[in-house]
Each structure stands twice: as C-alpha cells, then as structure tokens.
Amino acid sequence: MGKKYVAYVGSYTYIGNSQGITIYDVDTEKGVFVPRKEIAINNSSYISPSLDGSRLFSIADDGIVSYRIQPDGDLQYMGTATIRGMRGCHISTNRIGSYMFISGYHDGKVTILRMNEDGSAGRITDSFYDKGIGSIAERNFRPHISCSRLTPDEKFLCVVDLGIDQIKIFRFDPSLGTIRLVDAVRCELESAPRFLRFSSDGKFMYVISQLKNYLSVYSYDGSSGYPRFELLQQVSTLGRKHSNVNAAAALRFSRDEKLVLCSNAGDNSIGIYDRDPATGLLNQRVVLPVSGEYPKDIGMFPDGKHIYSVNHETGTITFFTWVPEKNYFYMHAAPLKIDQPNCCALVALPD
C-alpha cells in the first residue's frame, strides 16, 4: 500500500451551497479527488497545513481557524484567533511552526501571530499596514498585500504588495515575533506581483505577476546579514496563442522542484516550465487550457503524473494526466462540482 493523501479545498460560502472546507480522499493512481465530507466555516478564502501535516489553518471572516488533522484526515476544531483587521488572503508559517504570517489584501496589512503550545494560531505579536500609491489602474492604486513568506534562512519576511508593485523586505526577530522594514524589491509598474515561492535550497525566489502575466526569477543571498535580490529572468505565463484579457494566478512547484506550474485566468490555462536547479532559470514547455474558468489554484499530485485545477468561476475541479515526453497534458476524468472554490492543500496521512 502506498502513502495515503487527503485534499482540503476552501470555498466562499456567501453564494452557493458550500459549507466552507471540503475534505477529499486522494486517489493517486487515478489522479482524482473523492468527496468525503464538508466542514462548516465562513468564507474559507485560503487554507494551509502545518509543515508537519498535523494542523490545518484556514482564513475565515472572523480570523484564523485552526484544526487538528486526525489520523484519517478528518478535522477537529481547535480555536479561532483574531487578526484585528479585514479578512486575510494568504497564510504562511516559519519552519518550526512557532509563528504565522497573514496577508491582508483588502486592508494592505500583514499580521504576525505567535502559535499556541498546542499548535493553534495564537495572539498577535506585530503587524504592519503598507503605505504608498500605485498607478491609476483600478487594482493598482493602493496597498493590497497578497502574500508574505520568510526567506529560507528565516532572516527576512518578504511581503508582496500587488497594489503598489513592490515586495517589502522586513528583518524578522524570532524571539519577539516582530518585523522591521529594511529594503524593497521594486517591480515593474502595473505588473501586480501576486505570489512568491523560494526554492528549497534557498538560492532563488520566484514571483508571479498578475497583470503583466510573467514569472520573475531572482537570486537571493542573505549571508552578509542584509538581503540581496538580483533579477535573473522574466518569462511569460502565456503561450503563443492566448486570450486578450488575462490575469496570472497560481504558482506551484512539483515535489522535486524540477517543474514550475502557473495558471492564468481569462486564458484559463496552466503553464509548465522546466527549472534548472543550478541557475534557477525556467524554460516553458507547454501552456494548455484547464476546461474551467479562473484556475485560482493548481497543483501536481504526489506521483508527478497528474495535475488538478481549482476553477473558481465555473465551480469545478478538473484533473489531467501529464505526459512529459510529449509536452502536453489531457483531461482524464469528469469535472468535480464545488461552489466557489479558492484553494487546495494536499496532506499526507500518517502511515
């Protein structure tokens, strides 16, 4: 018997019939999700498991909700922590799970929580409201923090502000759970950086830009005590033929980090790229449609042979088989219906 996985999908609840979090059993051989049950929570806009797979955290209208993941993948409510602000859009934690970082799109705020001894989200240790003015575009005229992550050495917190086209860099104090602004990576005007991820070796940062539809590759070096980022490459998230109205959305690695996956709303497609681990550079292999509208989240199954797409506007999850030797993927199962899905997390169950 191979390792078993469970998928958790967070959904808005103000429209449709979703309860908030849907639990699926993952059939890795067939490359599909099998519905199991729903957990009631208001407007689960983002969910994230702890790194050890023992907890699941969800953004909700009233703050951050913590769950204990049971041995069979079921969820046990642990508590709700306030962030004293508008509903967040992204969660990350440090490596040992002692701090949580919540990004606020609507109020341009990043909030830091110290975790409780039981692993649930706890009290606020620090927060920061971003300031600044972008362009005259509807989305890019005031701060909208869309993602916050520590650098792999955990010296700095990188805060992505989609609204003013910057990534603010803060020094992080793990003893106090506080941050201090030290630098900023200034992105192209009206590019709208949305999400970032670091390679596990700590050398490279990958940023997806919503409005300019490209992936940016940066080198990172924090060995001197100060953050150093150098732009190495920008590559389009779109194929040669694409829709005229697009918005880049999700950014994921394959488990071995040899592939980078991204998605595009409007074009409603997934792009797959080879990643050179030595240079960090990307090479586009294929961009193909997802048979749904607004692929808000995507990912690759643990076997590296199948892909899922969480399609927010059509209310579906679609499944594909990846054929690397031919550089394409094809839909192999019927779409799975789910109202207003936002994000998906795959968690390995204990043996």
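The lining of the largest pocket divides by class into 20 nonpolar, ten polar and nine charged residues. (Here Ala, Val, Leu, Ile, Met, Phe, Trp, Tyr, Cys and Pro count as nonpolar, Asp, Glu, Lys and Arg as charged, and the others, Gly among them, as polar.) Do keep in mind that this is a predicted model, where local features need pLDDT of at least 70 and side-chain atom pairs count only at pLDDT 80 or more, while totals for chains, interfaces and linings use all residues. Residues are numbered from 1 along each chain as its sequence is written, and side-chain values use heavy atoms, with hydrogens and water left out.

**The largest pocket**

- The space in the largest pocket comes to about 1,400 Å³; a pocket is an open set of points on a 1 Å grid over the protein atoms alone, with protein on both sides within 12 Å along at least five of seven lines.
- Its lining counts 39 residues, and Pro49, Leu51, Arg149, Arg197 and Arg252 are the ones nearest the centre; a lining residue has an atom within 4 Å of a point.
- Strands E4 (47-49), E8 (90-93), E12 (145-150), E16 (193-198), E20 (247-253), E24 (295-300) and E29 (341-348) each contribute at least two lining residues; strands (E, at least two residues) are DSSP runs, numbered from the N terminus.
- E29 provides the largest share of this lining, with six residues.

**The cavity**

- Searching the whole structure turns up one cavity of 30 Å³ or more, a cavity being a set of grid points where a 1.4 Å probe fits but cannot get out.
- The largest cavity has a volume of about 40 Å³, where a volume is the space filled by probe spheres set on the points, which are joined across faces, edges and corners.
- Around the largest cavity sit Ile83, Gly85, Met86, Gly88, Ile102, Ser103, Gly104, Asp107, Lys109 and Thr111.
- Strands E9 (99-104) and E10 (109-115) are the elements giving two or more residues to that lining, and E9 gives the most, with three.
- By class, the cavity lining has three nonpolar, five polar and two charged residues.

- E20 pairs with E21 (residues 259-265) in the antiparallel sense over five bridges, and Ala248 has Asn264 of E21 as its bridge partner.

Conventions
Helix = DSSP H or I, 4+ residues; strand = E, 2+ residues; numbered from the N terminus. Pairing = 2+ DSSP bridges.
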